[in-house]
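Dear colleague,

Please find below the sequence and the structure that I am handing over to you. My notes on what was found follow directly after them.

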Amino acid sequence: MQSSPPTPPTPPSRGSVPRPRGAAHGSLYAAQLRAFLEAAEVVDVDPDVIEDLLEGFPAYAGSPGRGADEGEDADVDVEEEGAGGVLGGQDEGEGAPAHADRDRVRGSAGDPADEDGESESDGDEDEDVGEEWAAYLQEAQTAWTKQEVKDMMSLLKENGMAAFIAEYVVRRAIPIPKLLYAFGVCLCPELRHKQPRTLMYLLRVALSRELESRERLLTYNTIDDAVHLIQRSQRILILTGAGISVSCGIPDFRSRNGLYASLQENGEYDLDDPQQMFDIQYFRENPAVFYSFASKIYPSNFIPSPCHRFIKLIEDKGKLLRNYTQNIDTLETLAGVRRVVQCHGSFATASCIHCKTRVPGTEIAEDIMSQRVPLCKACNPAPPAAVAPAKGGKKAKRRKQGWDSDASDEPEPPAYPPGIMKPDITFFGEKLDDVFERSLMEDRHQVDLLIIIGTSLKVSPVSETISHLPHSVPQILINKTPIRHINPDVVLLGNADDIVLHLCTKLGWDLPDVPTPSHHLDAPRPNLRKRPSAEFEREPQRVGNSHVWLFEGAEGGRWVEDIERRYREQSAQEGAPSGSALGASEPGNERQMKKARTE
């Protein structure tokens, strides 16, 4: 936690919104505006808020004496001067807390009096701006005491964004520009006088950045620490992704050999972007493309992995608060897990995109496996045979623009009837089921351990789940690769199945038997890989004296190398024996080491 009051770069202005004066002032406006607009990728924002943010900005870009080219150059200069740091940039590494950037932010826009290229007519105005900034800089420095900032951060990180807003915005009615001082953000005059909804968005951006900057709990560092956490915890929240189903034969989405990479490389479906395969608008235009592919990920062919059975085991022992899965394969349910939220839906049910009629997923299973587009029986009482996909599964080519004298004046009939059935999986452009948000709000007050398995946490809003949980809750990551935008307490990198088997050995637990599917369309493919027992006995390697451990299949890359290098340098400074920093070490030694932040 930052121990001194924040010192934001610019003071706010009172009264009417002034016109931007001089390049320095305009550059600051541009820098803050860019930073808040870029944050819209991770913080939900209404279109009218974006419109309000942009209101008045063109006046700066088109002001007298500034051509379009000059304006573009100014944007480049802003970025070089640290525009990304206006809200706490990434220069300190992806895992650094937002408040770690406050000192650097202080002078990011420069002193207006020092800018070159100003005309003499602007001199007096710039001097006034400089005096105004100095006055409000002093206000920002004295707005909050150290203890007040500490209390604010504690409330936010333990109780969440909603509780913070309820306390400080609603109950105490503190102006949002003043609240932003505590997060190292001082709005320029143009942003300070925006609509209340816009100011609330700006506050949510600052709160989100702080929530993402969780500091690792130094008490936990070793595999034994992870084992003890699992043993003592009674309300474990498990967040899972495609990585737990890879050994079942289901490809993940985002790895170098994943589904998206395969779609991009093969070019079989002529997609502009591989993610179009799961885009709701594209599905409405040409459902045949999805159905020519869906059989490859349909869950009838697969058997739960050791990871799925590990989740079931934790539930059987009465320790599972809930499993939030991003997968659509329903293998958690097949493994017998009951307390599961399928965040992105599943093939278990299907709905008509026209009349919303819902049916069991088994009713369209035959069409999926035969690569046919299933039709809604309610919308098509006497439907023709299910529509076959377009030739070769390619997307339909757009008609050329212009008038064709040979073309008929009659409009072309629609390619598909109005009622098309779609599995109830959440496509891009669709909102998640309300059960996700309701469950998360309920669970955040009960969870005592978070285990993340087999996910890169790149898809919103599930990727934001961690920021909604109290920062004091311990976190264990089990994944093939590190997740650089979070900061777990114990990181176990490698094949997820091998890691959970290792943990079970340490815990003295036996995984449940492999479940037998009650129905399937094809013979299930076993995923229990036969390996020499010695392979499971191979001990993982510790990276330096850190909280990171490498199992078979780990892909840590430069991230792991940097951690190893930092510990080697620290050992050399402390006079410890030299040698490789990669290897097992005594669990207790880590507690004497300083925190190794992730990148």
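Of the contacts in the protein chain with a separation of 6 or more, 76% are between residues 24 or more positions apart; contact means heavy atoms within 4.5 Å. The chain has 22 helices and 11 strands, where helices (H or I, at least four residues) and strands (E, at least two) are DSSP runs numbered from the N terminus. Of its 599 residues, 50% are buried. Buried means under 20% relative accessible area, exposed means over 50%, and partly exposed lies in between, with a 1.4 Å probe and protein chains only.

This is a predicted model, in which local features need pLDDT of at least 70 and side-chain atom pairs count only at pLDDT 80 or more, while totals for chains, interfaces and linings use all residues. Residues are numbered from 1 along each chain as its sequence is written, and side-chain values use heavy atoms, with hydrogens and water left out.

Confidence

The mean pLDDT of the protein chain is 74, and 66% of its residues reach 70 or more; pLDDT is the predictor's confidence in each residue, from 0 to 100. For residues 88-119 the pLDDT is below 50, and this stretch has 66 contacts in the model beyond near neighbours in sequence. Residues 392-403 also have pLDDT under 50, with 19 contacts beyond four places in sequence. Where pLDDT is low, the predicted coordinates should not be read in detail.

Helix packing

Two packed helices are described by the angle between their axes and the distance between the axes. Axes are lines fitted to C-alpha atoms, for helices over the stretch in contact, and angles run from 0 to 180 degrees between N-to-C directions. Angles under 35 degrees count as roughly parallel, over 145 as roughly antiparallel, 65 to 115 as roughly perpendicular and the rest as oblique.

Helix α2 (residues 47-54) packs against helix α11 (residues 196-211) at about 95°, with the axes 9 Å apart; the two are therefore roughly perpendicular. Asp48, Val49, Asp52 and Leu53 of α2 meet Arg197, Thr198, Tyr201 and Leu202 of α11. By class, this contact of α2 with α11 has 4 nonpolar, 1 polar and 3 charged residues. Here Ala, Val, Leu, Ile, Met, Phe, Trp, Tyr, Cys and Pro count as nonpolar, Asp, Glu, Lys and Arg as charged, and the others, Gly among them, as polar.

For helix α12 (residues 223-232) and helix α20 (residues 496-507), the angle is about 70° and the axes are 10 Å apart, so these helices are roughly perpendicular as well. In α12, Ile223, Asp224, Val227, Ile230 and Gln231 meet His502, Leu503, Lys506 and Leu507 in α20. The residues of the contact of α12 with α20 divide into 5 nonpolar, 2 polar and 2 charged.

Individual residues

Leu457 is in the loop between β7 (449-453) and β8 and is buried, at 2% relative accessible area. Its phi is near 50°, a positive value in a residue other than glycine. The side chain of His485 reaches the backbone oxygen of Leu457 at 2.9 Å. His485 lies in the loop between β8 (475-479) and β9 (490-493) and is partly exposed, at 32% relative accessibility. His485 and Leu457 are 28 residues apart in sequence, and their C-alpha atoms are 8.8 Å apart.

Ala173 likewise has a positive phi, near 55°. Ala173 sits in the loop between α8 (161-171) and α9 (176-181) and is exposed, with a relative accessible area of 55%.

Yours sincerely

Key:
A polar contact is a pair of N or O atoms within 3.5 Å; within protein, one must be able to donate a hydrogen and the other to accept it, and residues adjacent in sequence count only if both atoms are side-chain atoms.
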